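Reader: I'd like to learn how to read helix packing and strand pairing in a model like this one. Can we go through it together?

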Amino acid sequence: MFEFHKKLRSLTFFDPACGCGNFLVITYRELHLLEWAVLSASRESGQQVLDVQSLINIDVDQFYSIEIEEFPAQIAQVALWLTDYQMNMKISEEFGAYFARIPLKATPHIICANALQTDWAEVLRPERCSYVLGNPPFIGYTQRSAGQKSDMEVVCHNIHGAGVLDFVAAWYVKATRYMHHTRSLSLSKGLQTLKL
Ligand SMILES: C[S@@+](CC[C@H](N)C(=O)[O-])C[C@H]1O[C@@H](n2cnc3c(N)ncnc32)[C@H](O)[C@@H]1O
């Protein structure tokens, strides 16, 4: 159980088109619920939980993302902090000890940038990434702006016929390369799920 609890803290999540952060928020909430289940189970197994604050490991700094628009990027950051606060209030009720992370120390790593022109490894080293997730934009060949066409060319320049693919394909290509650049089989195992 302790190993599992430690593992929850070690996981990292990367959304390279995070918008307002819904996917990150849901992931964080579920991670919190898992931690909560671990703490409840250790209490039921007879262990006293005297200081709940010292037992809460997971935090918003396990989340990494890129978003091209400034406004949603800011919302995503605040949304993660709000989720953290809400989940901490629930834990406070359950364990009868008030717990709030004020002042805020940890920060989600949300970069406002063009994900197709950014080296993802600079946002999060691939060997440290546990999950890539998200919902990047779907835009057909004829609907793309000039900027989006050129972004697609930058990413897919060496792929024959890629110009007619949907814009979202550029995220798949980048995600595949990102996973490929993990240094060894055991490191690449770190990237357990590719869900775009
Ligand atoms: C379908 S929305 C994702 C919604 C997101 N899951 C949420 O919870 O809000 C796609 C997002 O990709 C962003 N986007 C579009 N092109 C991008 C690019 N080149 N780099 C980074 N983000 C981009 C859009 O601004 C939009 O917020």
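Author: Let's begin with a pair of helices: H2 passes H4 in a right-handed crossing. The residues in contact are Leu24, Val25, Tyr28, Arg29, His32 and Trp36 on the H2 side, and Ala76, Ala79, Leu80, Thr83, Met87 and Ile91 on the H4 side. Keep in mind that this is a predicted model.

Reader: At what angle do H2 and H4 pack, and how far apart are their axes?

Author: The angle is about 20 degrees, and the axes are 10 Å apart. Angles under 35 degrees count as roughly parallel, so H2 and H4 are roughly parallel to each other.

Reader: What about H1 and H2, at what angle do they pack?

Author: Helix H1 (residues 2–10) and helix H2 (residues 22–44) pack at about 160 degrees, again with a spacing given between axes: 10 Å. Anything over 145 counts as roughly antiparallel, which means that H1 is roughly antiparallel to H2. The crossing of H1 past H2 is left-handed. Phe4, His5 and Leu8 of H1 make the contact with Leu31, Leu34, Glu35 and Val38 of H2.

Reader: Now the strands. Which way do the side chains of E2 point?

Author: The general idea is that side chains in a regular strand alternate between the two faces of the sheet. In this case, Phe63, Ser65 and Glu67 point one way from E2, while Tyr64 and Ile66 point the other way.

Reader: Is E2 mostly covered or uncovered, and how many of its residues are buried?

Author: Mostly covered: E2 spans residues 63–67, and five of its five residues are buried. For the chain, buried residues make up 28% of the 196 residues.

Reader: Which strands are joined to E2 by bridges, and how do they run?

Author: Look on either side of the pairing list. Strand E1 (residues 13–15) is joined to E2 by three bridges, and the two run parallel; phenylalanine 13 has phenylalanine 63 as its bridge partner. Strand E3 (residues 109–112) is joined to E2 by four bridges, also parallel, with glutamate 67 opposite cysteine 112.

Reader: What unit do E2, H4 and E3 make?

Author: A right-handed β-α-β unit, with helix H4 covering residues 70–95.

Reader: And how many helices and strands are there in the chain?

Author: Eight helices and five strands. From the N terminus, the order is α-β-α-α-β-α-β-α-β-α-α-α-β. As for contacts between residues at least 6 apart in sequence, 76% join residues at least 24 apart.

How values were computed: Residues numbered from 1 in each chain as written. Predicted model: local features only at pLDDT ≥ 70, side-chain atom pairs only at ≥ 80, totals over all residues. Buried ≥ 20, exposed ≤ 12 C-beta atoms within 10 Å, placed from the backbone. Pairing = 2+ DSSP bridges. Right-handed = clockwise from strand over helix to strand, strands pointing away. Axes fitted to C-alpha atoms, helices over the stretch in contact; angles between N-to-C directions. Parallel < 35°, antiparallel > 145°, perpendicular 65-115°, else oblique. Left-handed = near helix turned anticlockwise from the far one by under 90°. Contact = placed C-beta atoms within 7 Å.
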